[in-house]
Every structure is written in C-alpha cells, then in structure tokens.
Amino acid sequence: MRVYLDNAATTRVDPAVAEEMKKYLTDIYGNASSLHAFGREAREALERARESIAKKINANANEIVFTSGGTESDNLAIQGICLAKKKGKLLTSTIEHPAVNNTMLAVKERGFGVVKLAVDSEGFLNLDALQDELSGDVILVSIIHGNNEIGTVQDMKAISEIVHDKGSILHMDCVQSFTKVPIDVKKTGVDMISMASHKIHGPKGVGALFVREGIEIEPLFYGGPHEFGKRPGTENVAGAVAFAKAAELMTANEISKIKSMRDYLVRELLEVEDSLLNGPGIDNPNRRLVNNANITFKYIEGESLLYKLDDYGIAVSTGSACSSRSLKPSHVLSAIGLDHKIIHGTVRMTFGRFNSMEETKYAVEKIKLCVDELRQISPFKHSFDNYDVKG
Amino acid sequence: MKMDAFRYSKKVLEHFRNPHNMGEIKDADGIGRVGNPVCGDVMYLYIKVKDNVITDVKFQTFGCVAAISSSSILTDMIKGMTIEEAEKLTKDDVLKKLDGLAPVKLHCSVLAVEALRKAIGDYRKRKNSERQRNC
Ligand SMILES: Cc1ncc(COP(=O)(O)O)c(C=O)c1O
C-alpha cells in the first residue's frame, strides 16, 4: 500500500480538476486579453474562476490577483507594500513559512524595520506583543494564518481588529488554511491573503493574492496591464480554472472526512508511550488545521522514522535537525519552546481528500511498529537521563 | 562519488534497515558515549576485549539514518581487530565502507569514530585502574 501523508507539502491533483484544466490547454487556449472569440472564451473562463475564488472568501472578484503560487503571493503582498510605501516597519511572527521569512529578511536588508512577534506554546500569536509593537510607522503586519508545521490557526478577526485600530495593514498567509478554515475577508477585515492551488488538489504553479480594494501595492515586475496592474503577464487561464475547480471540491463534507481520519490517527498515536502532540488540540477546527498532525515520539529521531515508513510506502515529513541542510531544527518547533531532543523525534502527517480510513489504519499500525523498532536501537528507553554526554 | 544531499547509498540503507550488532553489552570492558552538539544525535558503543582483541561490540544510537548506519558498519569493521588497529580507524574508512555520505551527513561518521575512541579510552582506563588495584 502507498499512503501519502504529506499533503501540507503538496497534494495530488484531483482527476476532475485535471480534466477541467485540460480543456483550457488544448481547446480554449486563447489569450484572455485578445479581442476575438478565442480570447473572449478564455477571458470568460478566467473571470468565472476569479468569481469562484472570491466567493470562497467573501471578496469581490476585482480583489483577486492570480499569481504563480503561495511564494509569489507572499512576496507580492510584502514587497508590494514596501515598494509602495518606500519606508517603514513591518511586523511578522516567529513561525512563518520561508516565503514570508526570507522576504522579510530581504526587505530588512533594504532598510525596512522588521520585528518578529513571539507565539505561545501552541503557536498562537502574542496579541499583547502585537499591540505593543504597533506604531504609526508600521506599514504592514504579516502573520501566517494556518501554520504549515503545527497547524495552528490564528484568530484572524482579533488580529485584524488590533492592526486596524492602529491604522496599519494586515496580510495573512492562508496558503494552508484556504478552504480548510472558513475565511471571510469582509467580516474579519483582513487586507491581503495568500492562497495556493497545489495545497488543495489543484496544479502547482498557480495561486492568488486577495488585495482589498483601496490597498496600494506595486507590482514586482513590469509588463502589460494584466491582473489590475498588479501582476503582469499573459494569464494562466488553465491554472486559474483548475485552482477554482479544486477550491469548489473542498466541500464541508470532504473537510469533515479529512478531520475524522486525522483525529483517529492522533488518538491512536498518542496511545504510544512517551508521545506528544505538538500544536493546539485537535478538537476545535478553528484552532488547528483539520488535516495536520504533528507528533513527537521521544527517544527516536524523525528522519529515521521517515525512512522506515518510506519502506512501507508511507510518506511523512519531519522537523528534525537531521533532515535539514543547515542541521538546524525547525524554527517553528523551536519558537513554541520545544526542547532540542523533543524536536528530534517529530513527524508531521498531513491528510488530503484522497486518503482513506483504510490507509490511516495501515499507517497507524506501521508507525507504531517503526517507532518500536527505532526505540530498540536507541540508548534512551523511558527517559532522557544522561542525554547531555559531551562530544 | 558525488553524493546528493539526502540520497543515501544502497549500503547505508542496507545497514539502516538491518543494523548489525545493535544493543547493549551489560558487562562491557569499554563504553563510549558521545553526543553531537550540532544535530543532537547520541551514540553509545560497548566493547568486549580479550587478549587485546575486540571480541564483541554493540551499539545504541539516537539519530538519523546516517548515524545508525555509521554505527552499524563501524561495529562490523572493528569486531576481531586489535585495540591498536581499531584505534587507527578514521571517518574516511567508515565512509568508504558506506559508499559515501552527503556532505551534511559527514559528521555522523565522525560521531561513530569518536564513540569508538571513547570506548577504547574507557577500556584502557579500566584496565589501568585494575592493574593499580592488583598492586
Ligand atoms: C504557509 C505556506 N506559505 C507559503 C507556501 C509557498 O507556497 P508555494 O509552494 O505555492 O509557492 C507554502 C507551501 O510550501 C506554505 O505552506
């Protein structure tokens, strides 16, 4: 059996999405900016896709800018504001995806102020710290909505109120949360949100940035007048159509199916001795992404577990230092205060629409087996006593 | 051989899947315990020595694929060696036997060799104190 439990990394394109997409590659291939019938057909499809994405977050269609994915959306939001405002300070969190983290690093090098706000042990933003750091010169606050490692879902409305109280602008990276958590841009007042198609069973290389009407951002590159002047380049009609279709297929029913598989897996794995769930509890879907499980098995190392499971056809990921090129443990797990040796044994399992309960049961069985085998190899059995041996 | 980061050689995976000499020797003649402050891995190596020859060896490792396979192959290599021969082993000997490791994983082979040096050191210390006691 092959079980893909790495849906936070990317997902399988739904065959229905691929089918829909194909039509816009081989049949309706016109340039959406052309005046002739070929162009008009493409334009109609593109605008339908835009409407559809807008509807999912209660936005207006003219507030949706199609991009090449989550990374570009994050860059467009952050750099776009910096280019428009020319100077100022930005606030972000300690648990951002590299698409935000490294963009912040880049604008810092260009002279903008950047302050990282701390999170609590479940990954929730410290709202007092946000309040304290907000001042007149803060041009943007960018906070990850649904965390890709530990699944923490921030309180969009509460953050938005604080940010707007001080007259600043709020961007949220919703690449992981889009369609999994209800998002209402009107009710919450958030100014920009990033989305990506490949996290929800759509194709890679397409995403969107919601930009509230009236928020001024500069494009990152120059060309034609496409996408309201915010993102030039001949529109990726097939990608946009596929993205919209994928979003439509993420129904409430599918979300609850995903949650029940995730819940089963977490409950079963927490039965394993000396295992812990990282991030918020699994009960409230508005506090933790329904598809995310992040578990530490003490006394073993995550990369080893990943490879053992790989032999059984099960795909997971890990935040262990051993799995990173820099040999640094995950900055997210560090930010929530996890000890180095606890991070060492962390694995992330993320579900998608194509997982089944049968797969979940198989995965649970094999994970338990592999944890047991690795613990037999480990010098630590029931405690980390004498862990601090000198090298 | 150019090693792609995170692509392990067949040899490495073989040892990882089926580690040799894993476990603890309760009445070991020498124990080497080392930890890697960078990545957090920990390795214990136990040796039994008779007439200056390593007759038995076991390891316990809290670490990644590279750390586990480095420990496993090292135990194979040193079994039957004299203390002096074992002491001369370097990380390059381990790497050669494993058909290489990616640059970021080289430190895992270093850890295995350090565990061995420490176990030998421990063995010598015990032997010396035994001798003193016998005086
Ligand atoms: C939270 C978050 N933001 C941004 C990205 C980047 O998105 P993309 O891969 O579409 O560029 C990802 C996915 O890797 C993500 O999980």
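Analyst: Leu327(A) counts as buried because its relative accessibility is 13%, and buried here means under 20% relative accessible area, with exposed meaning over 50% and partly exposed in between (1.4 Å probe, protein chains only). This is a predicted model, in which local features need pLDDT of at least 70 and side-chain atom pairs count only at pLDDT 80 or more, while totals for chains, interfaces and linings use all residues. Residues are numbered from 1 along each chain as its sequence is written, chains are lettered from A and ligands numbered from 1 in the order in which they are written, and side-chain values use heavy atoms, with hydrogens and water left out.

Leu327(A) sits in the loop of chain A between β12 (317-318) and α11 (331-335), where helices (H or I, at least four residues) and strands (E, at least two) are DSSP runs numbered from the N terminus. Although Leu327(A) is not a glycine, its phi is positive, at about 60°. Most residues other than glycine have a negative phi. Glu227(A), also not a glycine, has a positive phi of about 45°; it belongs to the loop between β8 and α8 (237-249) of chain A, and because its relative accessibility is 6%, Glu227(A) counts as buried.

β2(A) and β8(A) are paired in the antiparallel sense over four bridges, pairing being the case where DSSP finds at least two bridges between two strands. Within this pairing, Val65(A) is opposite Leu209(A) of β8(A). Strand β2 (residues 64-67) of chain A is covered on both faces, with Ile64(A) and Phe66(A) buried on one side and Val65(A) and Thr67(A) buried on the other. Ala208(A) has its C-alpha atom 10.0 Å from that of Ala54(A), although the two residues are 154 apart along the chain. Ala54(A) is part of helix α2 (residues 37-56) of chain A and is buried, with a relative accessible area of 1%.

His198(A) is counted as buried because its relative accessibility is 17%, and its side chain makes a polar contact of 2.7 Å with the side chain of Thr10(A). A polar contact is a pair of N or O atoms within 3.5 Å; within protein, one must be able to donate a hydrogen and the other to accept it, and residues adjacent in sequence count only if both atoms are side-chain atoms. Thr11(A), in the loop between β1 (3-4) and α1 (15-26) of chain A, is buried as well, with a relative accessible area of 5%. The side chain of Thr11(A) reaches the backbone oxygen of His198(A) at 2.6 Å and the backbone nitrogen of His201(A) at 2.7 Å.

A polar side-chain atom of Asp173(A) is 2.6 Å from a nitrogen atom of the ligand, whereas an N or O atom in the side chain of Gln176(A) is 2.8 Å from a ligand oxygen atom.

Cysteines complete the picture. Counting as a disulfide a pair of cysteine sulfur atoms within 2.5 Å, the total over all chains is zero. Cys174(A) is in no disulfide, and the nearest cysteine sulfur, that of Cys82(A), is 19 Å away; with 0% relative accessibility, Cys174(A) counts as buried. In chain B, the sulfur of Cys108(B) is 3.8 Å from the closest cysteine sulfur, in Cys64(B), which is too far for a bond, and Cys108(B) is itself buried, with a relative accessible area of 0%.
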